[in-house]
Amino acid sequence: MSAASWNAAPGAPLRGEVRVPGDKSVSHRAIMLAALADGTSRIDGFLEGEDARATEAIFRRLGVLIETPGAGSRIVHGVGIDGLRASDAPLDCGNAGTGMRLIAGLLAGQAFDSTLVGDPSLSKRPMRRVTEPLARMGARIDTGEGGVPPLHVHGGTPLRGIEFDNVLASAQVKSCLLLAGLYADGETVVHEPRPTRDYTERMLAAFGWPIEFAPGIARLTGGHRLRATDVRVPADFSSAAFFLVAASIVPGSDLLLRRVGMNPRRTGLLHVLRLMGADIVESDAGEEGGEPVADLRVRHAPLHGIDVPEQHVPDMIDEFPVLFIAAACAHGATRVTGAHELRVKESDRIATMAAGLRALGVDLDEAEDGATIRGRAGGALGGNARIDSHGDHRIAMAFAVAAQRSGSPVTVDDVANVATSFPGFESLARDVGFGLTTA
Ligand code: S3P
């Protein structure tokens with residue numbers, strides 16, 4: 001995106017308290033279901049990031065009145081399951097794969113045509129994973145050449161439920177089909193090779209849609225209605241992850257992360273960091289808006305390399321950039337396998353992480369589905385490096401973390417997209433001790 005860059009260098013040991021912003025996945029879904037419900041829903045803890053706001057702007061264009069009573073809050077005047085209206089302009093999902101894939105499912109069931117577009121990164125991401133099963137349901141969607149955006153979704157095509165055995169462990173694909181299933185004749189069933197985050201299922205149930213789900217399977221039928229309900233969005237574990245790793249690798253750190261979302265389908269990194277020797281203690285476990293939350297106290301601890309168990313991969317799919325940084329600071333080798341999906345995220349996260357880590361002097365082997373990273377243990381990472389984050393928010397934040405253990409300053413380029421998921425990261429990080437400024 002833009003040319004914004006950071007200067008990052010070791011700051012102080014990380015200390016104090018951090019409250020990270022609302023969960024991105026939950027924020028997208030809350031807008032979508034509230035928009036389609038009968039009645040008025042209030043959303044609190046909404047992520048004021050560009051991805052969630054892009055979804056909000058799309059539903060406004062589709063005729064939904066959404067008020068902003070204050071930062072992080074929305075009042076959504078639902079139009080009912082059949083109440084959306086055609087947009088006279090393309091619908092811009094920005095950087096958000098979740099937005100585009102889920103909304104494609106919803107739009108497939110409408111009476112009108114729509115066009116979904118995205119930014120340069122999203123415009124390269126694979127969409128056949130949703131357009132092919134949607135076509136089996138009867139949808140007609142044109143893609144750009146090679147199955148990438150823009151998506152032109154033809155309306156007025158009757159949908160029928162299918163039973164879909166996904167080869168990918170993808171919450172986005174599952175959610176897309178379930179949302180199309182709201183408009184389908186009969187039953188839609190999605191099976192997954194490994195369980196993925198179940199926010200769509202839980203939120204559909206909260207909005208009163210009959211749905212059955214268990215880890216690895218979800219099923220619903222079309223033809224019901226959604227009932228407005230209030231949603232409390234938990235803090236995003238994926239945003240907390242940067243602080244979990246930073247405090248683990250910076251000597252002298254002792255950080256408290258408050259009220260973090262602890263849905264088990266999101267906390268794979270916690271298990272993996274503990275296997276590596278991290279000192280992370282949970283307290284005050286509770287529930288917010290039907291989601292588990294807890295405080296996490298993380299103190300510096302020497303980490304050692306491990307083979308990351310593949311069963312954790314879907315539960316930490318967004319955390320690999322920062323896990324690679326933990327691995328680079330660990331004693332011995334860390335091996336990641338079974339994570340092909342990293343190749344098709346906001347950037348090719350295996351390639352962008354490998355290039356950045358090599359620039360910091362880290363020895364690693366790249367594989368198609370992961371990497372083996374040989375950690376530098378007690379030693380500093382190299383510095384005086386320039387890292388290209390390729391406009392990928394999580395790559396940018398991962399290298400801001402890495403720089404806290406570098407021998408000399410690191411420049412991280414192309415960081416504007418951090419605002420897609422974690423607005424305010426830079427100042428929050430600085431407040432607890434990061435050496436981090438805008439270049
Ligand atoms: C998401 C699912 C994951 C994740 C993404 C958000 C979601 O993608 O990487 O950041 O909200 O459903 P996949 O389902 O493609 O793995």
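This briefing covers the pockets and the nonpolar cores of the structure shown above. The model is predicted, and the values below are computed from it. The largest pocket holds about 660 Å³ of space, while the largest nonpolar core has 81 residues.

**Largest pocket**
- The lining of the largest pocket is made up of 38 residues, and those that lie nearest its centre are Ala169, Ser170, Ile317, Glu341 and Lys345.
- Two or more lining residues come from each of the elements α1 (24-36), α3 (97-108) and α5 (171-181), and α1 gives the most, with four residues.
- Sorted by class, this lining has 17 charged residues, together with eleven nonpolar and ten polar ones.

**Second largest pocket**
- The second largest pocket has a volume of about 270 Å³, and of the 17 residues that line it, Ser121, Lys124, Glu346, Ser347 and His390 lie nearest its centre.
- Its lining has eight charged, five polar and four nonpolar residues.

- In soluble globular proteins, nonpolar side chains tend to be buried together.
- Within the largest nonpolar core, the residues with the most contacts are Trp6, Phe243, Met276, Phe399, Phe425 and Phe434, and the largest share of this core, ten residues, comes from helix α7 (residues 237-249).
- Leaving aside residues up to four places away in sequence, Phe434 touches Gly11, Leu14, Phe243, Ala246, Ala400, Val401, Gln404, Phe425 and Ala429.

Technical notes. Residues are numbered from 1 along each chain as its sequence is written. This is a predicted model: local features need pLDDT of at least 70, side-chain atom pairs count only at pLDDT 80 or more; totals for chains, interfaces and linings use all residues. Side-chain values use heavy atoms; hydrogens and water are left out. On a 1 Å grid over the protein atoms alone, a cavity is a set of points where a 1.4 Å probe fits but cannot get out, and a pocket is an open set with protein on both sides within 12 Å along at least five of seven lines; lining residues have an atom within 4 Å of a point. Grid points are joined across faces, edges and corners, and a volume is the space filled by probe spheres set on the points. Ala, Val, Leu, Ile, Met, Phe, Trp, Tyr, Cys and Pro count as nonpolar, Asp, Glu, Lys and Arg as charged, and the others, Gly among them, as polar. A nonpolar core is a set of buried Ala, Val, Leu, Ile, Met, Phe, Trp, Tyr and Cys residues joined through side-chain atoms within 4.5 Å. Buried means under 20% relative accessible area, exposed over 50%, partly exposed in between (1.4 Å probe, protein chains only). Contact means heavy atoms within 4.5 Å.
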